[in-house]
Amino acid sequence: METIGSTGLWLAFTGIVLVMLAIDLFVVGGGKEHRVSFKEAAVWSVIWISITLAFAGGLWWYLDGSLGREIANTKTLEFITGYLIEKALAVDNVFIWLMLFSFFAVPLELQKRVLLYGVLGAIVMRTGMIFAGAWLITQFHWILYVFGGFLLLTGIKMYWFADEQPDLENNRLINWLRRHMNISSSFDGQRFFTRQNGVRYATPLFLALVLVELSDLIFAVDSIPAIFAITTDPFIVLTSNIFAILGLRAMYFLLAGVADRFSLLKYGLAVVLMFIGVKMLLLDIYTIPVGFSLAVVATIIGASVWASLRKEARERKNG
C-alpha cells in the first residue's frame, strides 16, 4: 500500500486528534448540558480550519525536506482538495441532522452531546472503511470504476431528488426500535437511557443518536470514494477526512440557524459528486489534474452558495 505516511507523520496526526478531542470532551462545555452559541461555533470553526491549514503547512514542510518539492506540492494539494470535498459534502449531512433534531424535538443544549458521539462513531467507522477501501484498490484496480459509477449515479439521484425530504414517520429503523425497545416519550437530561417505575427505557435522545450514526455511515459511503478519486494514499485520505469530521459539529451549529438560506446547495453538491464520478471513470484514459479538480469543486460550491443567496434575496424582495 503506497503511502507517504511515515511513523512520525502518523504519530503527529494521532497526537493532534487526541489533544483536540480531549479539549472538546473535558474543557469545552465539559460533561454538562451546553447550548452552543453562533459565536462559539464560529470561533471553533475558525480554530478547526486553522489547525487543518497548519497541518497542511507542516505536511508540506516535512515532505519538502524528506521527499522533495514536487511530492510536497502534490500531496499537500491532494490533502487540501480532499478536505474541501469532504467539507462540502458534509453540508448535506448537516441538513439531515437539522431534520432529525427537529423531528425528535431535541433541545439545543442536548444536541452537542448527540453530535459528540456521532463524531466519535464517524471517526471509528471511517478509519476502518478507508483502510479497507485502500486495500481493495491495491488488490482490485477495477474497483475504482465501481466507485466512479456509484458516485455518478449518486450525484444524479441527489440532483433529481434534491427537494425531497426523508419520511421519518415511516422510517424502518425507527419503527423497528420502537417495536423491540421501551421508548420513553420525554427526555431525561443528557441520558440516553432512563428508568420509569423500575423499567429501563431508551429516551428520544437515543433514537436521535442512532439516526445520526446511520446518517454518518451513509454519508461515509458517498464521501470516501470521492476522496479516492483524488488520491489513493491512505494517509492523505484519512487525514483529510478526519480533519473535516472534527470540524463538523462546529459547522452544524454555525449553519443551524441559516441552513434554509442555502436552498440550491444540494444541487451543487450533486454536481460535485457527478464530476468526481466522471473523473474516476476516466482515470485510465485521462488524468484530471488535482489543481483543476480543486478549482472545479470550489467553483461549483461557491456558485451554488451565491445562487442560493441571490434566490433568497429575490424571494424576500418579492414577498
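Trainee: Which backbone atom does the side chain of aspartate 233 reach?

Mentor: The backbone nitrogen of phenylalanine 235, at 2.9 Å. Look for polar contacts: pairs of N or O atoms within 3.5 Å. Within protein, one atom must be able to donate a hydrogen and the other to accept it, and residues adjacent in sequence count only if both atoms are side-chain atoms. A word on the source: this is a predicted model, where local features need pLDDT of at least 70 and side-chain atom pairs count only at pLDDT 80 or more, while totals for chains, interfaces and linings use all residues. Residues are numbered from 1 along each chain as its sequence is written, and side-chain values use heavy atoms, with hydrogens and water left out.

Trainee: Is aspartate 233 buried or exposed?

Mentor: Buried means under 20% relative accessible area, exposed over 50%, and partly exposed in between (1.4 Å probe, protein chains only). Aspartate 233 has 3% relative accessibility, so it counts as buried. Find aspartate 233 in the loop between helix 7 and helix 8 (234-246). Helices (H or I, at least four residues) and strands (E, at least two) are DSSP runs, numbered from the N terminus.

Trainee: What is aspartate 233 in contact with, leaving aside neighbours within four places in sequence?

Mentor: Contact means heavy atoms within 4.5 Å. Aspartate 233 meets Glu2, Thr3, Ile4 and Lys75.

Trainee: Where does glycine 5 lie?

Mentor: Glycine 5 sits in the segment before helix 1 (7-26). Glycine 5 counts as buried because its relative accessibility is 19%. Setting aside residues up to four places away in sequence, glycine 5 touches Trp10 and Phe235.

Trainee: How do I read a positive phi?

Mentor: Most residues other than glycine have a negative phi. Alanine 105 is not a glycine, yet has a positive phi of about 55 degrees. Alanine 105 is in the loop between helix 3 (69-103) and helix 4 (108-139). Asparagine 197 also has a positive phi of about 55 degrees. Asparagine 197 lies in the loop between strand 1 (193-196) and strand 2 (199-202). Alanine 105 is exposed at 53% relative accessible area, and asparagine 197 is exposed at 82%.

Trainee: Which residues of helix 5 meet helix 7?

Mentor: Leu144, Phe147, Phe150, Leu151 and Thr154 in helix 5. In helix 7, the partners are Val221, Asp222, Pro225, Ala226 and Phe228. The residues of this contact divide into eight nonpolar (Ala, Val, Leu, Ile, Met, Phe, Trp, Tyr, Cys and Pro), one polar (the others, Gly among them) and one charged (Asp, Glu, Lys and Arg).
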